[in-house]
Amino acid sequence: MRGAGGGANLLALRSHNTALVLDLLRTAGAEGISRLELAERTGLTPQAVSKITARLREEGLAAEAGRRASTGGKPRTVLRLVPEAGHAVGVHLDRDELRAVLADLDGTVVARRHTALDLGAGAEAVLGRVASVVGELGTQAAGGRSLLGVGVALPGPLDHRRGVLHRVTGFPDWDGFPLREALSARLGSVPVVVDKDTNAVALGLAVGGEGGSFAYLHLGTGLGAGLVIGGSVHRGPRTGAGEFGHQVVQLDGPPCGCGDRGCVEALCLAAVARGETEEAARVLGTGAANLVGLLDIDRVLVGGRTVEGAPEVFVSGVRGVLEARARRTGEECAAVRSVSGEGRVAEGAAQLVLAPVFGQDG
């Protein structure tokens, strides 16, 4: 893929030193940062910084942002990131809908799409719809020249490294499907990254400044968790971490779509279907308490389409269970809050492409 300046490619952008410089340019914002400051903050030599910034300027990724007074000598030229020089498409594939965004290098969303989708319609139909939406958004990214890649987030389980789906609950026909390879071929070899919807949101939150260790619990058409431990998304050695919805909390409970019984997801969704939102929140809190006890995380964030229908009820219900646990253990209670935004999964999916450009966990 080519950048707006006519030479950037994703592999070059991912070099460690370049990523360090790009990240500082991004965090500096419109005010910019001088080459001397870049050298001081990265530990690189001034010569190395000059070479990197010269290349970034040539590729259109960096530009002059004026001059700044110096403590001695002539004023220093400051540089800034050019957000519109690179874009990523983030796609959220849910069981019944598709949401997609076009985001620039800053992560700012410049275009959105939303359409109904049947994940059970088969790979050919789903891939065709995704390719169509990506094509529409891609044309807005400097005529497609600055499109760095496409991030796709959907319900797990799946193999993040290979981009291969496992048995998505309720949709067994997707088991073993090489989504990353198939979609990249459809898009003309555009780089594609595939991850779980919960991991995408967790990454977006971490990139957006949510520090420390936390769990993001996503309750929509299913239930899953994105885990951030020490600032990095935790996927596990087999990329299967976060299958939160399928922890059994009631032996011989109602059957779940995963084939087990008494799963948090089955109990929670059943309560929602009955209109018993407070009970659904209590069940969600029970699962969250298990997670807090196991991982000793700082915060529990709840979101997803179902939570957004009654965020106060879910926050209160989950917090109540966690507070009861904290009283029993004598530990400090983990903080609980909701995170809103219907496009949050798609925005996190875009960060699957963008975050590695800046040396962050993608």
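Before the first stop, a word on terms: helices (H or I, at least four residues) and strands (E, at least two) are DSSP runs, numbered from the N terminus, and the expected span of a helix is 1.5 Å times one less than its number of residues. You're looking at a predicted model, in which local features need pLDDT of at least 70 and side-chain atom pairs count only at pLDDT 80 or more, while totals for chains, interfaces and linings use all residues. Residues are numbered from 1 along each chain as its sequence is written, and side-chain values use heavy atoms, with hydrogens and water left out.

**Stop 1: helix H9.** Select residues 277–295. Helix H9 has 19 residues and runs 27 Å from first C-alpha to last, close to the expected 27 Å. Now colour its buried residues (buried is under 20% relative accessible area, exposed over 50%, partly exposed in between, with a 1.4 Å probe and protein chains only); among them are Ala280, Val283, Leu284, Leu291 and Val292. What do the buried residues of H9 pack against? Show strands S11 (214–219), S12 (223–229) and S14 (299–303), plus helices H8 (264–273) and H11 (311–329). Just past the end of H9, click on Asp296, where phi is positive at about 55°.

**Stop 2: Ser213.** Go to the loop between helix H7 (197–207) and S11, where Ser213 sits. Is Ser213 buried or exposed? Ser213 counts as buried because its relative accessible area is 16%. A polar atom of its side chain lies 2.9 Å from the backbone nitrogen of Gly230, a polar contact (a pair of N or O atoms within 3.5 Å; within protein, one must be able to donate a hydrogen and the other to accept it, and residues adjacent in sequence count only if both atoms are side-chain atoms). Beyond four places in sequence, Ser213 has contacts (heavy atoms within 4.5 Å) that include Val228, Ile297, Asp298 and Arg299.

**Stop 3: Leu25.** Leu25 is buried because its relative accessibility is 1%. Show its contacts beyond four places in sequence, including Ile33, Leu38, Leu56 and Leu81.

**Stop 4: the rings.** The structure holds one aromatic pair. Select Trp174 and Phe177: they are edge-to-face, 5.2 Å centre to centre with 90° between the planes. (Rings of Phe, Tyr and Trp, the last by its six-membered ring, pair if their centres lie within 6.5 Å; planes under 30 degrees apart count as stacked, over 60 as edge-to-face and the rest as tilted.) Both Trp174 and Phe177 are buried.
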